[in-house]
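Trainee: I would like to learn how to read salt bridges in a model. Please take me through the case shown here.

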Amino acid sequence: MKPLKEKISITIDSDLLKRLKEEADKDDRSLSQYINLVLRKYIKLKNEV
């Protein structure tokens with residue numbers, strides 16, 4: 001069963017958004033998928049410390 005998803009609206013600095021889009025393209029993912037991946041890795045890393 002896939003995890004539930006929720007729509008949100010956030011404001012991101014334009015330089016960061018540009019970089020996220022570039023990285024998502026390199027990883028062949030949508031921007032949303034890439035942001036989820038990055039946030040999951042960050043939270044996991046933060047909890048390991």
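Trainee: How many residues apart in helix H1 are Arg19 and Glu23?

Mentor: Some background comes before the answer. This is a predicted model, in which local features need pLDDT of at least 70 and side-chain atom pairs count only at pLDDT 80 or more, while totals for chains, interfaces and linings use all residues. Residues are numbered from 1 along each chain as its sequence is written, and side-chain values use heavy atoms, with hydrogens and water left out. Helices (H or I, at least four residues) are DSSP runs, numbered from the N terminus. Arg19 and Glu23 are 4 residues apart in helix H1, about one helical turn.

Trainee: What is a salt bridge?

Mentor: Side chains of opposite charge can pair when their charged atoms come close. The rule asks for a side-chain nitrogen of Lys or Arg within 4 Å of a carboxyl oxygen of Asp or Glu. It gives 4 salt bridges here. One of them joins Arg19 and Glu23, with the closest N and O atoms 3.3 Å apart.

Trainee: Which residue forms a salt bridge with Lys26?

Mentor: Glu23 does, with closest N and O atoms 3.3 Å apart. Both lie in helix H1, 3 residues apart.

Trainee: Is Lys18 buried or exposed?

Mentor: Buried means under 20% relative accessible area, exposed over 50%, and partly exposed in between (1.4 Å probe, protein chains only). Lys18, at 54%, is exposed. Its salt-bridge partner is Glu22, at 3.8 Å from N to O. Glu22 is partly exposed at 35%.

How values were computed: Helix = DSSP H or I, 4+ residues; strand = E, 2+ residues; numbered from the N terminus.
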